[in-house]
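Colleague: Hi! Could you walk me through this model, please?

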Amino acid sequence: MRPLAQERASAADGKNSRLERIDAVLICNDDTLLIELGPLLGERFRTHTVDSPAEIAAAVTATRWVGIIDVDSLTDARAAIQRLETQFPRCPLILIVPRATEWSAAVARGAAVAAVARQELVGHRLMEALAAAESRLRADSDTAAPAGNPQMDADASGAPGLPRSSIRWIAVVAVAGLLAGTGWWALHRSHPASALPAQTNHAAADTDTTNATQSALPAPVKPQSVLELLSAARVAFRDQKLLLPRPDGDPRGDSALELYAQVISQDPGNDEALDGVRRLFAVGKARIQADIASGKLDDATRLVVLFRDAAVSTDELGNLSASITAARPRWLEARVQQSIAAGDLKGADALLGQLTASGADPGAITQLRRALEAKGMDQQLTELTTQMRAAISAGNLLGPAADDARTRLASMRTLSRTNPLTMAAQHELQTALLARANDAVHAGQLDSAQRLLGAVTDLGPFTPALEVRRQLQAALYAAAHPRPVATPATPKPSPPPVAAAAAPVKAPAAPVYISARPTRPLSLIYPLGESEQGYVIVQFMLEPNGSARDVSVVQSTLPTIFSRAATTAVAHGRFDARALSDGQPAQARLRLRFQPAQN
């Protein structure tokens, strides 16, 4: 890969520190990413492109530069970043990563100023990271010790060698200076007008303009020394709440583990920090295991990464990382099932995408996908069932309105004919159509009854419709074959009466009725929606062939709808005709009892 060669700034520009170009080292072997970064860096940075950290010394001669690192280009990215932090402690690093949250520990240590997700390069995140890196370089330049004084460098880095009492006095002086500086800053911040003497010359005005331009950049953050970090870590270690990072996913850098990790990044062999991390690992391991058990896998992952960055490389840490990887598909699968059960189909679909990306069992993914589709269908069928019932209640069974019950059922059958919701809705509609057809038969509306029965049959087999169809056929036959009305004969003149003794007048004999006995059970249908019980006495003419005609109700303790059911059952029944005299038709009566079925 050829480096992106750029010319140095002109000598005139070099006179002004604000216009000097900054060296930027791009560790990347992805041509596409380099093409994207070129326009974003612009003329402000002099870029040097290398494929690996080992090529930095040969590619750039500057001692201070900004590193932009594509972590996907490194074989062991985390170890390589730690080596870069140790080798070039004064060079701020910007990490280009797939997910920024996974590198929060590296940012918390202080060497990496930001971790920018690959998809956020075109946004403001990269510009903010570059501004922070430039501020870091400027702050280091202002506070750097004179070159060639190794004793001052050793003191600034917090290296061992000073007597313990000297270290203690240095810390006291540093704290006092920090408090004094903070008070001075607060005082002058509250009284900006009196903080500086008035400036009236043009040079001062130009300086103010320059400072205003630079104030738009983030304020430089001076990294803490090893002594300061160790002091803060000791304080945090005595507070149980500050042993580990808070489980809210927001790194604050104030926990004992994070502070020790920053010490190790600056001084990898610091015994106090290494011992503190080892002691913290027993507490952290229990919390990681608890997070895995409760499904807080992101929190568990952050802790594992933080311990790994703090130089913990035991087998237990690897086992914990493997447990998180193994638990993620199960956790995602449980979340998908919960979302489906709660009806959150959009959330379930998003989780299924994550489950697929995690490499879960394809069979389990297929089963969950089917459950998701079935739940979606059930939701649609439930909504259509509600609409169909509303149409039935409004009496809109067959139209002509477009939202009639039959149209709603047709939509359900398009989705699934065999779904239990569809089958139940079909039964409800057929029952409503049959009740309407039965009323039409008794009202003499035979055409309407035929249309309604035809709709019942079109939906599918329905046994109760057979009786109503028999009634309709009998009514149609009766309408096509009316009985002739007998005309009375002209009476002949009677002879004059012969005087005789008056004979006593006999009272008319009471009619005699045969007690009808069905030869097979009558098809007696208990009316839908009723809950009463009682009896109905039916009178009819019993024919020699066992059939009944001229059926009527002579007594009933129930509403009229029961009378209709009774006459219908008798008209289609068959009775024992052996009780007839000389094979002649005779009047017969039958008592029918109605009572609701017991559930």
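**Contacts and helix packing**

Modeller: Among contacts (heavy atoms within 4.5 Å) in the protein between residues at least 6 apart in sequence, 64% join residues at least 24 apart. This is a predicted model, where local features need pLDDT of at least 70 and side-chain atom pairs count only at pLDDT 80 or more, while totals for chains, interfaces and linings use all residues. Residues are numbered from 1 along each chain as its sequence is written, and side-chain values use heavy atoms, leaving out hydrogens and water.

Colleague: How many helices and strands are there in the protein?

Modeller: The protein has 22 helices and nine strands. These are DSSP runs, numbered from the N terminus: helices are H or I with at least four residues, strands E with at least two.

Colleague: At what angle do α15 and α17 cross?

Modeller: The axes of α15 (residues 315–342) and α17 (residues 362–393) cross at roughly 10° and come within 10 Å. Axes are lines fitted to C-alpha atoms, for helices over the stretch in contact, with angles from 0 to 180 degrees between N-to-C directions. The two helices are therefore roughly parallel to each other (angles under 35 degrees).

Colleague: And which residues in α15 and α17 meet?

Modeller: Glu333, Val336, Gln337, Ile340 and Ala341 in α15 meet Ala364, Leu368, Ala371, Leu372 and Lys375 in α17.

Colleague: New topic: how much of the protein counts as buried?

Modeller: Of its 599 residues, 35% count as buried, meaning under 20% relative accessible area with a 1.4 Å probe, protein chains only.

Colleague: What does Tyr260 touch?

Modeller: Leaving aside residues up to four places away in sequence, Tyr260 touches Leu230, Ala233, Phe237, Glu272, Ala273, Gly276, Val277 and Leu280.

Technical notes. Angles under 35 degrees count as roughly parallel, over 145 as roughly antiparallel, 65 to 115 as roughly perpendicular and the rest as oblique. Buried means under 20% relative accessible area, exposed over 50%, partly exposed in between (1.4 Å probe, protein chains only).
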